[in-house]
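Colleague: I would like to learn how to read the packing of helices in a model. Could you take me through the general idea and then the case at hand?

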Amino acid sequence: MLSRARLGTFLTFAVAGLMSGVWVVRMPALKERFALDAGGVGVVLLVWGIAAVLTMQGLRGVIARVGSRASLRVAAPLTAVSLALVAFAPSHPLLLAGVALFGMAFGVTDVAMNAQASVVERAHGRPLMSGMHAGWCVGAMSGGLLGSGTAALGWSFTSSVLAAALVSLPLTLMLGRAYLPDPQALPEASEGRRRRLPLLVYLLGALTFLAFMTEGAIADWSGLFLHDDLGASEALAALGYPLFEAAMLCGRIFGDRLRVLLGTRVLLAASGAGTAAGMAVVLLAPGLPVALAGFFLTGLAVCTIVPTMLSLAGTAAPGRSSAAVAQVGAMGYGGLLLGPVVVSAVAEASSIRAGLWLVVALSAVIAVSARFLPLRRSADLAAAPLPERRAEHEPLAA
């Protein structure tokens, strides 16, 4: 039962990553189909991101009440269906409507799969969240390969994205049988009284916001930095982000073991410091090979921050795990949207290199702040135990 739930949740992350990967990789085809300029593409991405963030925040209470298992069984298939609607959109207004629906369904899926990962993690009694997020990396890379392959075969945007949706839909329906039921909510959380989430949830959300700003800035600006500042060809400049993602995958495979070995606080501090150091290598690099190595080091370091924050969020508010994960996730995705925009503003006023120094600063803030998070020693052992275990409602962090 536990092994099946663990595999099912891992594969859910992978399917979500696959849908996202195809959608991102085929963006040039979308741009060509609707004759969009760079600003038009930005609007499409912004609509998707805002819809996801608002849904995460607005439906936080609903997801908490119905539980992650029920939410995933509905939202994950709807994500695949809405992706198919995006593929078939016949006009720009309908494209934006389809993208908004895709973002809303994806937002619920993202929150619910992280909450389900927290349930599985607590059932096992040890950290598993980084491994689950490794599933996302596998899916995103697979989606990228699928998108690139269909593009090489001359498939249209509609055909590529529809193929991803048709692959994902039956998978999401089958995976729904693998999820674990959510722990019973605390009495005070189920009586309908609205209570503010613990301060720790918002502290975790703030650090997740900074981590996502870092990832978003690297994703959107690594290629331009290598091309414009270091003079790399377009083909070589495109290697920066795949190397970064590959490093994140490698790091997440071992991230849970490192958390047990080092402890949560030390891991977060080391990850923040390592991210700052890796990006400093990139920005001070005399040439392309050193810069690419810096991107790989940055990916190895930053990859454990978001999964660890979400793992802690799942236990920071006993009885309201889904609500806490939704809050942290929504705050984090806000950083994913804002990071590239801030770098863009700095780059326009100065240079891309100057804008990317923001990543170094944000990572240093994470490293320092991690030392002061009010975590209990039990945070090093994963999350609060499930109801059948002793100390049912003891949180990981105070």
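Modeller: A crossing is left-handed if the near helix is turned anticlockwise from the far one by less than a right angle, and right-handed if clockwise; helices (H or I, at least four residues) are DSSP runs numbered from the N terminus. In this structure α13 passes α14 in a left-handed crossing. Please note that this is a predicted model, in which local features need pLDDT of at least 70 and side-chain atom pairs count only at pLDDT 80 or more, while totals for chains, interfaces and linings use all residues. Residues are numbered from 1 along each chain as its sequence is written, and side-chain values use heavy atoms, with hydrogens and water left out.

Colleague: At what angle do α13 and α14 pack, and how far apart are their axes?

Modeller: Two packed helices are described by the angle between their axes and the distance between the axes. Axes are lines fitted to C-alpha atoms, for helices over the stretch in contact, and angles run from 0 to 180 degrees between N-to-C directions. Here α13 (residues 264-284) and α14 (residues 288-302) pack at about 170 degrees with their axes 7 Å apart, and the two are therefore roughly antiparallel (an angle over 145 degrees).

Colleague: Which residues of α13 and α14 meet?

Modeller: With contact meaning heavy atoms within 4.5 Å, Ser271, Gly274, Thr275, Gly278, Met279, Val281 and Val282 of α13 meet residues of α14 that include Val290, Gly294, Phe295 and Val302. By class, this contact has 9 nonpolar, 6 polar and no charged residues, where Ala, Val, Leu, Ile, Met, Phe, Trp, Tyr, Cys and Pro count as nonpolar, Asp, Glu, Lys and Arg as charged, and the others, Gly among them, as polar.

Colleague: Where is Ala273 placed, and with which residues is Ala273 in contact, leaving aside its neighbours within four places in sequence?

Modeller: Ala273 lies in α13 and, those neighbours aside, is in contact with Ser363 and Ala367. The C-alpha atoms of Ala273 and Val368, 95 residues apart along the chain, are separated by 8.4 Å. At 41% relative accessibility Ala273 counts as partly exposed, that is, between buried (under 20% relative accessible area) and exposed (over 50%), with a 1.4 Å probe and protein chains only.

Colleague: At what angle do α10 and α15 pack?

Modeller: Helix α10 (residues 199-229) and helix α15 (residues 305-316) pack at about 160 degrees, with their axes 9 Å apart, and this crossing is left-handed.

Notes. Parallel < 35°, antiparallel > 145°, perpendicular 65-115°, else oblique.
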